[in-house]
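User: Please take a close look at a single part of this model. Where does it sit, and what surrounds it?

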Amino acid sequence: MKKCIWCSRSEDKVEFKKLAHTIPQSLGGKMVCINVCDDCNAYFGNIQFQRPSIETVVKETFNISRARFLSSFGEMGKNKALAKFTSIFFNVNFRTGTITVKQKFKLQRHFQEKVSILLKRGIYKIFLEETERQNGDGHDSKYDFIRAFSRYDLGEDLPLFYFERKYGVYLNLQEDIKHPVLLFDKDKRMRYLVNEPFFYEFELLGHVFGIPTSKNWQIAFDNYIAASLEAKKDYFIGYKEIKYFNEIDLTLQIMND
């Protein structure tokens with residue numbers, strides 16, 4: 001019997017008729033988590049309290065990187081993907097690597113802060129649905145704090161760690177760009193990813209993130225980050241805790257180096 005990883009209701013209580021794409025279908029995502037009920041699936045795609053939906057923010061943010069990647073594929077035509085790229089929220093200059101919020105949204109109070117929190121909630125959402133799909137452990141009670149943050153907007157604002165690359169060499173396959181997937185450490189291409197008891201790392205569209213998988217993550221952070229930086233020393237220059245969406249190298253300027 002299906003049981004939702006978000007609300008813990010089973011199919012005798014709620015419907016599971018809609019396909020719950022772990023990565024937005026509008027971003028090219030094809031993978032589906034079967035243990036997400038229709039109510040919870042709809043939540044991530046709906047506008048909440050006059051804020052854009054979590055799905056829209058994830059799509060708008062990572063579509064910037066996806067367009068840059070697609071432009072590098074010969075079959076797509078030189079810069080064709082960039083020329084066609086449009087964004088609801090952002091002005092994007094791929095040449096200079098600058099991203100700004102469009103004027104109409106700048107006028108909305110604290111828009112960038114709200115978008116950044118929605119983005120983080122979206123990344124945590126992708127993680128939990130993907131770990132359920134790939135590892136079958138999405139119901140584990142240790143993820144309750146992620147459920148509270150991502151699905152119910154409760155609890156503390158959780159951190160998102162971003163690792164800055166040293167070189168512009170990406171090992172992503174073309175199919176991973178057209179139809180993005182979340183890559184965990186079990187993928188042999190991603191040997192620099194670290195999976196610690198209190199933290200998990202993954203790669204999405206060329207970007208490497210780390211998130212806590214325990215609400216008591218602070219006690220293990222120093223050991224985790226030391227181990228992570230050691231594993232990445234040949235490929236990355238360091239890390240930052242993301243506060244704003246444009247702290248991520250979304251235009252992939254590192255590819256210019």
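A close look

Analyst: Arginine 121 is placed in helix α5, residues 111-135 (helices are DSSP runs of H or I with at least four residues, strands runs of E with at least two, numbered from the N terminus). The model is predicted, so local features need pLDDT of at least 70 and side-chain atom pairs count only at pLDDT 80 or more, while totals for chains, interfaces and linings use all residues. Residues are numbered from 1 along each chain as its sequence is written, and side-chain values use heavy atoms, with hydrogens and water left out.

The relative accessible area of arginine 121 is 1%, so this residue is buried (under 20%; exposed is over 50%, partly exposed in between, with a 1.4 Å probe and protein chains only). Neighbours within four places in sequence aside, arginine 121 is in contact (heavy atoms within 4.5 Å) with Tyr43, Arg51, Ile54, Phe149, Ser150, Arg151, Tyr152 and Asp153.

One of these contacts, Ile54, belongs to helix α2, residues 54-71. Of the 18 residues of α2, 16 are buried, and the helix is mostly covered. At asparagine 63, α2 bends by about 35° (the angle between axes fitted to the seven residues ending there and the seven starting there). The end C-alpha atoms of α2 are 26 Å apart, which agrees with the 26 Å that its 18 residues should span at 1.5 Å a residue (1.5 Å times one less than the number of residues).
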